[in-house]
Amino acid sequence: MMKTLFILLFLVAGKIASGEGKYYVDSRLGDDRSAGTSAAAPWKSFSRFEQVRLQPGDSVFFRRGSVFRGRLVIADSGMRGKYLVLTDYGVAAEPAPMFTNPVFSDGTFGNCIRVRGSWVVIENLGFYGTAAYSPVEYHGDGWVVWEMGAINLERGAEHCIVRGNEMRDCVAGIRSNGAYALIEHNYIHDCNRVMKEWNWGPLGIWMGADHQEVRFNKIVNYSAVDPRIGWGPNAYGGGADGGALEIDDARYDKSDISIHDNETRDNQGFLEVTWTDVKKNPGYTGFKIYRNFSDDFQQFVALWRGAGCRIEDNTIFRRKVNANEWGVFNITQNRSHNVVRGNTIVTAPGVVIFNVGRKGMAQPETVIVGNRYSCEGDSVRMGKEGPGDSAVYGGFRFPIARDGRTLVGIEVSAGAGKFAAGAGKFAAEELGRYLSRMSGAKISGANFNGGSGRPVIRLMRVDSLPEEAYRIEMRGRDLLLAGGSGRALLYAVYDLLHRLGCVWATPELSTLPREYVPSLRELTYLSAGPVREEPVLKYRKLDVEEGRTHTVANLRQLIDWMPKVRLNVLQVPLNYQGAGRVRWDNWREALTPELKKRGLLIEVGGHGYQNFLGARMEAGALFRQHPEWFGETREGKPDTTMRVVFNTANADAVGYFLRNIERYLRAHPEIDIFDCWPPDVAKWAQSPAMAALGPAVDRQARLMNAVDSVARRVRPGLKVEIIAYGQVLEPPMGVELSATILVDLCPINQSFEAPLYDTSMTANGEYFRAAEDWRRHFAGDRSVYSYYRKYAWRSLPVVLPHFMQQELRWYASMGFRGISTYAEPGDWFTYGLNHYVLAGLAWDPGAPVDMMMDEYSRALFGDARGAALEAYRELERVVRGFGSIPYTRLKPAAELDSAAAVLKRCRARVDSAEAGNGGVAASLRRLRLMLDYAIGDLEILKLRATGAGATAVEARIKELVELLERHRGEGLFVLRDGDNLGLFLNHYNSLK
């Protein structure tokens with residue numbers, strides 16, 4: 001069990017005094033015997049601080065890439081102009097120094113840093129996985145939960161600044177009980193655990209004192225949904241709790257709190273101001289809540305107590321609804337005369353804008369002026385108050401072209417330098433090309449600029465935006481598209497085009513339908529308000545893997561499609577299985593310019609220690625000269641087989657391995673992510689001598705830490721990825737894995753009858769436990785190597801849109817940051833819906849799946865989309881539950897017969913639709929072939945279930961294989977060259 005470290009920095013006579021000193025801490029390379037006063041001689045742990053008295057102006061630097069567990073208490077104070085500063089140092093490309101405290105007790109409360117002194121700055125640090133409440137004997141005078149917070153500013157800790165930190169899965173992010181606090185530019189995200197069972201959800205920023213300013217923070221996905229959450233029979237709502245911000249502690253009146261320019265998404269509300277805790281009806285007045293962007297559940301502001309507050313110029317989307325629903329504004333203090341002015345408010349049908357409490361009896365007399373209201377697909381539900389004076393209904397209009405005549409120009413922001421000539425130019429060209437196709441007008445970034453006198457669509461990179469984030473918003477008479485990078489700006493361009501009607505359901509492969517680009521006499525952008533987008537998952541990948549049907553031509557088509565659906569990483573083997581056929585260097589020259597032009601990331605590697613140290617290298621001389629470098633057979637003899645991991649304890653072998661990796665990386669500067677995985681189905685220890693080297697997970701961690709050091713020496717920011725798979729599925733316990741490494745969880749043998757988190761499926765249990773363990777024990781980024789298109793399925797139409805959403809919501813709640821999927825052009829039509837929906841869910845796991853399915857079906861099947869949608873929905877239900885998927889249980893014959901009958905009805909409807917829809921006949925024929933395959937699969941399983949003879953089973957399998965072979969090369973089925981009948985016979989005979 002992890003030991004918790006309790007450290008106190010306090011004033012004690014006789015301790016070392018220092019003036020404007022600098023102290024350095026590095027959990028990986030530090031030594032508590034060092035001086036600790038330079039980056040070259042850092043301390044390792046907090047405990048060395050027990051000998052230090054901090055003085056005004058002192059700074060404590062924590063090395064990036066470090067991980068610290070336990071609680072650090074700062075009791076010393078700075079002074080005006082001489083803050084005590086806790087910050088980071090080291091290579092900027094490494095992750096921030098991470099702090100966690102998984103222990104809750106009366107002494108720690110799950111805090112990572114607790115501040116008792118004043119004039120303290122905490123900046124550029126990372127926090128994760130803090131403990132939820134556990135019952136303790138509490139001796140304070142308030143509520144014990146007020147002691148929580150990854151960062152907790154105690155009462156009396158005044159004039160503190162908390163800025164630029166990242167918090168992941170911390171049940172209470174920042175708790176500020178100290179006056180005159182400034183909380184800015186923090187990123188707080190992804191906590192779906194309750195803080196205290198069952199009446200406190202997770203909170204991002206939590207204020208218990210007056211004189212607070214909270215600005216420019218981003219808070220995402222702070223919400224706990226559970227039917228056990230509640231506050232008694234007379235409470236307003238239940239079933240969900242949490243939120244981005246909260247103000248409470250009625251013991252202290254408050255009149256000087258400013259909350260502005262924050263961005264929040266997917267939280268259980270933007271702000272709640274409570275009215276009772278240990279005291280009732282406090283004096284809360286004059287709060288200022290302005291220029292925030294909220295796209296959350298439950299409410300924008302629940303002002304249970306507060307008078308004379310100003311809620312102005314916010315952009316509020318209340319389109320997301322779950323178990324607890326309070327409207328947009330829930331204001332309940334009578335005659336409180338709060339001001340709601342100049343807000344843009346967009347609601348889902350049924351969401352009330354002005355609520356006044358559970359009973360609807362309060363009379364707050366809110367001053368309501370100049371708000372813009374719109375409701376998606378319905379009329380606005382105003383509620384007990386409103387709409388107020390000078391109300392505006394509906395969105396903004398930005399005319400682009402009419403009757404073939406352009407009304408706008410396209411301009412890349414002046415002074416953008418290389419950006420304007422590179423990524424900005426390409427984004428402008430793409431925008432002009434599609435707008436011209438849609439309108440018949442000639443719209444070109446080359447021909448129009450700000451000097452034309454027309455309104456412009458202005459393309460701009462904004463460095464203050466996160467790298468993957470973008471905005472679409474009106475600026476005066478112009479339309480601004482802004483991105484945190486060239487890639488993000490390209491997302492903004494394609495998003496705008498999508499909102500105008502374009503759909504990129506599939507890549508432009510020769511076997512697939514073309515993109516959908518509408519032809520419009522009048523082209524106008526209609527907007528309910530500003531668009532602000534940033535992905536939930538950082539890494540959104542297409543994986544070439546076995547590359548059975550890839551060519552330079554179709555890889556270019558995949559690359560062209562990726563930014564249109566906001567994917568950002570192409571993953572290519574360095575040399576798949578050492579065969580030389582699927583190899584990055586085969587395509588590098590042709591693909592690198594296409595990827596870099598779009599700002600897409602290049603990931604190269606895969607299973608392949610043997611690419612850098614293998615028995616066949618140097619024509620076999622390496623093995624003959626250094627047999628001790630290699631793994632061993634069960635008998636203890638050196639092993640030449642590819643799947644056996646080399647002797648990672650041999651320093652010369654490791655040195656050779658690392659030198660080859662360094663040479664490769666220096667020769668391939670285009671690579672952004674380097675996959676360094678062991679051989680596929682690796683054997684780490686067959687002999688007693690190899691077993692004595694320690695657990696495989698620790699051996700991998702030790703070796704990959706060395707690879708990571710090499711990669712960062714080659715190029716800061718170059719990311720190393722490892723795989724959690726097979727014998728290295730679990731996190732290491734004897735070695736701390738560098739937090740700069742990306743870990744890919746690989747649930748290769750999961751069951752698709754239920755989501756991964758459903759451990760009633762035996763096959764899922766080990767992956768669920770591994771996901772939990774990686775979350776608890778690793779501070780770096782984790783991704784998922786998904787199997788939403790799997791080679792072992794042999795192109796069986798396993799359709800998974802709703803299933804994927806269930807899993808991705810869970811993965812996101814567990815702090816996973818990426819997802820990948822195999823992307824074979826040869827069966828893209830079969831898995832096209834999975835690919836399209838997965839791209840949307842990777843950006844936002846809460847995205848509406850049914851809407852994406854409808855959009856996909858409309859693009860591919862036109863007026864026949866009803867038949868297509870029915871077929872896809874039934875394929876999703878039937879195939880993963882009844883089909884011949886590994887780890888799906890063989891069902892009784894009667895159930896298989898009923899499942900096949902459902903698909904046969906779908907097939908009949910598709911046939912009927914094909915007769916009257918010539919324009920989409922090719923798509924309908926392909927969908928019918930998918931149904932033919934699924935039905936044939938079920939019929940074979942029924943023969944197995946009824947004990948039919950081998951001859952009858954083999955005949956039906958042969959018939960199915962002949963069907964697949966006849967339609968090979970049509971974008972539906974990927975088959976091997978060779979004895980496919982034998983492969984299918986083995987497959988069906990192996991099922992249980």
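**Note on the predicted model**

1. Twelve strands form an open sheet with parallel pairing, in the order β6-β9-β12-β15-β18-β21-β26-β29-β32-β35-β38-β40, where two strands pair if DSSP finds at least two bridges between them. The edge strands, each pairing on one side only, are β6 (67-69) and β40 (392-393). Within this order, β21 (residues 218-222) and β26 (residues 263-265) pair in the parallel sense over three bridges, and Ile 219 stands opposite Thr 264 in β26.

2. This is a predicted model, in which local features need pLDDT of at least 70 and side-chain atom pairs count only at pLDDT 80 or more, whereas totals for chains, interfaces and linings use all residues. Residues are numbered from 1 along each chain as its sequence is written, and side-chain values use heavy atoms, with hydrogens and water left out.

3. The chain holds 18 helices and 56 strands, both being DSSP runs numbered from the N terminus (helices H or I, at least four residues; strands E, at least two). Its radius of gyration, taken over C-alpha atoms, is 30 Å, close to the 30 Å that the globule rule (2.2 Å times the number of residues to the power 0.38) gives for 992 residues, so the chain is as compact as a globular protein of that length.

4. Buried residues make up 62% of the 992 residues in the chain, buried meaning under 20% relative accessible area with a 1.4 Å probe and protein chains only. Among contacts (heavy atoms within 4.5 Å) between residues at least 6 apart in sequence, 73% join residues at least 24 apart.

5. At its start, a side-chain oxygen of Asn 650 reaches to within 3.0 Å of the backbone nitrogen of Asp 652. The buried residues of α7, including Tyr 656, Phe 657 and Tyr 664, pack against α5 (584-597), β51 (601-605), α6 (621-625), β52 (673-675) and α9 (696-714).

Technical notes. Buried < 20%, exposed > 50% of the residue type's maximum accessible area, 1.4 Å probe, protein only. Polar contact = N/O pair within 3.5 Å; in protein donor to acceptor, adjacent residues only side chain to side chain.
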